[in-house]
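This report describes a sheet, the helices packed around it and the nonpolar cores. Please read it alongside the sequence and the coordinates.

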Amino acid sequence: MLKIKGVTKIYDVADEKIAALDGVDIEFRKSEFVSILGPSGCGKTTLLNIIGGLDKYTSGGMEINGVSTADYDDRDWDTYRNHSVGFVFQNYNLIPHLTVLDNVELALNLVGEDKRKRSERAIEALGKVGLRNKAYKKPNQLSGGQMQRVAIARAIINDPDIILADEPTGALDSETSLQVMAILKEISKTRLVVMVTHNAELAREYSTRIVRLFDGKIVGDTNPYYSDGNGQKSPESQKNDIFEQIKAEAIRIENGVISSDISALSDEEISGAVKAYAQNIGGVKFAVLATGKGKLITPFTSRIKRSVKAEFREKKAVSGNELAAVTTAFALKKEDRAAEKQQEKYEKKPAMRLATAFRLSVTNLFTKKFRTFLTALAGSIGILGIALVLALYSGLNAFIDRQEVALSSYPITITRSASDYEAMVSTVISSLDGIDGKYDKNKIYVYKLVRQLLANQTKENVLDREMLAAIHAMDKDLYYDIYENYGLNFNIVKKIPSGTNILNYVRTTSLYYMAINTSSFWTQLPENKNLVLEQYDLIAGEYPSGERDVVLILDGKNQISDINLFFNGLDLESVNLDYKNSDDVSALTKDPDDFLGQEYKLVRNDSYYTKNGAGNYVKYETTSPVGTISAINEEIRSRVGGNYTLNFFRGDKKDSGAYTYDGVFGGSLSVKITGIIKLKDDISIGVLGTNAIGYTKALTDRVISWAWESNVVQEILAEKSSEWTTDTQLSDNMRRYGYAVVPNSISIYCKNYDGKTAVKAELRRISEERKAEGKSEIIFSDLMSVVLSVVQQFINIITMSLLCLTAISLIVSALMIGIITYVSVLERTREIGVLRALGARKLDISRIFNAETVIIGLISGILGVVITYIASWPLGSLIARFTGIGGLVSLPWYFAVILVFLSTMLTLVAGLIPAGIAKRKDPVKALRAE
């Protein structure tokens, strides 16, 4: 079964070569209890390690079941240790963070045995050593004798051919030693047990053979074995050994080749052995193993083949044609599959599953919970830094994205005088990029920036009906609304309540009306109601539905300025001269009912304007003292700035005879505030800007209709005053009286940024078509897109800079985890030795530590992301407190997943070096580690 021929093992110690074994020749039977005795340093353990495949001999040879190990590679030795050898160590070498059951199952784990079968076999093995009830204990909960019995159970779990015991009783008391020796004695009845010991008394009592070593040589053997027939073997004993060898070959045959050296056997001996084998299994029929190779490789196997054929014919188990296909030995029939299962076991190459590697790492990490947590927490710092940067980046981008709807506040505009700002900015940016391609370093190049800027200078748009029709023909899915701004001045007046104190100047009991400057504080609502309600909340009343309805507009905090209230006649005392001597700047509060139902008058031109003595149309003159009105307006300018003025109309029109609306301004249209809207919390600037009153397109149409019918407009159109030398001047002056044929400007409100891009492409297409037809092109501007692109570029630059800085801490964290993993390698060195003794590959060892780094990296990533989410709330609130913008710290889930993955991969990379060190450790030295 096992033959060692002239084995020498030499160690290099400093500059000296030490021979641990010196030409050892020894053979072992399939089942016997061999004790190896000798003084310390004589080579006992070295011989045991060579037999177990843990150490490699320097010269000589070793045969296992007749197969030379001269060409064995690491994979072959791993398979050999896993299937053929079980180790029992003096110090037990149980893995402390695993349960007893897990320790025993390890060898089966390496070949991927099913969990249920694995547990059943482990429990069975523990039952053989009397520890079935200790299966779920940890090793530190057992006595020394119990731990050694667990080690024996682990050694026999995979049904090995050889049990190697290195001083199995060295750490036990005498009574426990006897129990362990009794177990080993029982095991030796069915397999080879080789024990290294210093206890000669136990060896004599329990061993069937004692081998003595001295200075690396065998100096004594009480029951030697020689497979070649020489020595003290009787012919019958030799025949039995031949039979055992053939039987073993039948079980362990690989690839249809019998490689045993049976040249010394006669045909009669082979035939007798085959018949003896047949008789030994109770006359069970043989089955054929056909490999299709066509011939046998070893020269002497044909004789075995002949004997097998003869036996098959005799038992009539197979036909002649089937016998012709036989190329190798035999196996048992289906009723008894034990031999086949044994062979299948040897065909399984040990390969630890990833799940097993992770389980071993998890159990190890969780035995050191506090250290694992601190390591993961330290590793999460880098992820935390990057996550916070990305959260801020995402929050800013999300804020910009939320403004996509608000981009309609900054629509694509087409005005009579327009500049292509995007082209201008692109020109400036491209100038910073320099010359494309190669350039002469000895030359100075002048970039023609001025010429390119002049090419994009202000141009005139001809806003005619044809252009409007082409623009309105665009795909309506690309935009919300096309707003035509006619730049009209409405004749809107508001009654001043009796007794009102206006800036301490006017106190009146007469009926006064204030003229409202609609160009400053009134705005037309987009026709698309959804566009407004996506940005504004209706907080009171109803949304305007007709020409008589207007809406009051508040900002995102339900605020409106006192200037808006004052100049819209809603609170004429909100701006008071007493404020200049007051430190009280607290906000005034109003109820919605204070504004809902407030009424304005839209007055016809003929009621609003009258001819003066020079024949010019002027506003209806007030009978109030001019000095008083002038003083009021002067005070307004000193208080609020600008050109804001108030116009008052005294309710004493001579032909009316009554101080009523209709009496003062006949044929007017009553307009009321029907609703109040406020900007949504997550939008900074809305489509309606900061104007206080929003009116419908229907009111604009009514103004234009009335203006056309008015005397002032008709007379102007008929006379075309000479002071208006151009159509533009005429058009501008007509707008003062509420009349226009074409809009003053066009605003296109887009649904989102992509829609804006598509609309601009359409406008360029229409412009090219118009140019081709000899018509004026369309010059449009989209200043907000330019601003946003610049802002986005700055955000990207700042984000990348911060990411680079935080990446340093991430790399440091990963390296620290790599160092911690190396410490773990040092701590688990003996565990590495145990796993290698059980047949674990080098790859399996590296997988265990790679799994450990992956787990720590995963925990680090999750911790970093979780802490980021927790920190986002107070940090976001703090930023919102200073900026007034909420939601600026927000980490999207996909960034979180990427960061966890990044953390895992970085720590995996950082752990590759310590994992590589672990897999290269010498198993013999690893088992000796303290």
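The model is a predicted one. Since 5 of the 5 residues of E8 are buried, this strand is largely enclosed by the rest of the structure.

E8 belongs to an open sheet of 6 strands with mixed pairing, in the order E6-E7-E8-E3-E9-E10. Strand E6 (85–88) and strand E10 (217–221) are at the edges with a single partner strand each, so one side of each has no neighbour in the sheet. From one strand to the next, the twist averages 20°.

| Strands | Sense | Bridges |
|---|---|---|
| E3 and E8 | parallel | 5 bridges |
| E7 and E8 | parallel | 5 bridges |
| E3 and E9 | parallel | 4 bridges |

At the residue level, Val34 stands opposite Val194 in E8, and Ala165 stands opposite Met195 in E8. Ser35 has Ile210 in E9 as its bridge partner.

Helix H6 (residues 174–187) lies across E3, strand E7 (162–166) and strand E8 (192–196), and runs at about 145° to E8. Beyond its neighbours within four places in sequence, Leu184 is in contact with Phe33, Ile152, Ile163, Ala165, Pro168, Val193 and Met195.

Leu184 is also among the residues with the most contacts inside the largest nonpolar core, along with Leu2, Ile4, Phe28 and Leu126; this core has 89 residues. Helix H5 (residues 144–156) supplies the largest share of the core, 7 residues. A second, separate core has 55 residues, including Tyr512, Leu572, Tyr608 and Tyr739. In soluble globular proteins, nonpolar side chains tend to be buried together.

## Helix H4

Helix H4 (residues 115–128) has 14 residues and spans 20 Å from its first C-alpha to its last, close to the 20 Å expected at 1.5 Å a residue. Its buried residues are Arg118, Ala122, Ile123, Ala125 and Leu126. They cover an arc of only 160° around the axis, and therefore lie on the same side of H4. Helix H3 (100–109) and H5 are included in what covers these buried residues. The face of H4 turned away from the buried side carries the exposed residues Arg116 and Lys128.

Conventions
Residues are numbered from 1 along each chain as its sequence is written. This is a predicted model: local features need pLDDT of at least 70, side-chain atom pairs count only at pLDDT 80 or more; totals for chains, interfaces and linings use all residues. Side-chain values use heavy atoms; hydrogens and water are left out. Two strands pair if DSSP finds at least two bridges between them. Helices (H or I, at least four residues) and strands (E, at least two) are DSSP runs, numbered from the N terminus. Axes are lines fitted to C-alpha atoms, for helices over the stretch in contact, and angles run from 0 to 180 degrees between N-to-C directions. Contact means heavy atoms within 4.5 Å. A nonpolar core is a set of buried Ala, Val, Leu, Ile, Met, Phe, Trp, Tyr and Cys residues joined through side-chain atoms within 4.5 Å. Buried means under 20% relative accessible area, exposed over 50%, partly exposed in between (1.4 Å probe, protein chains only). The expected span of a helix is 1.5 Å times one less than its number of residues. The arc is that of the directions from the helix axis to the C-beta atoms.
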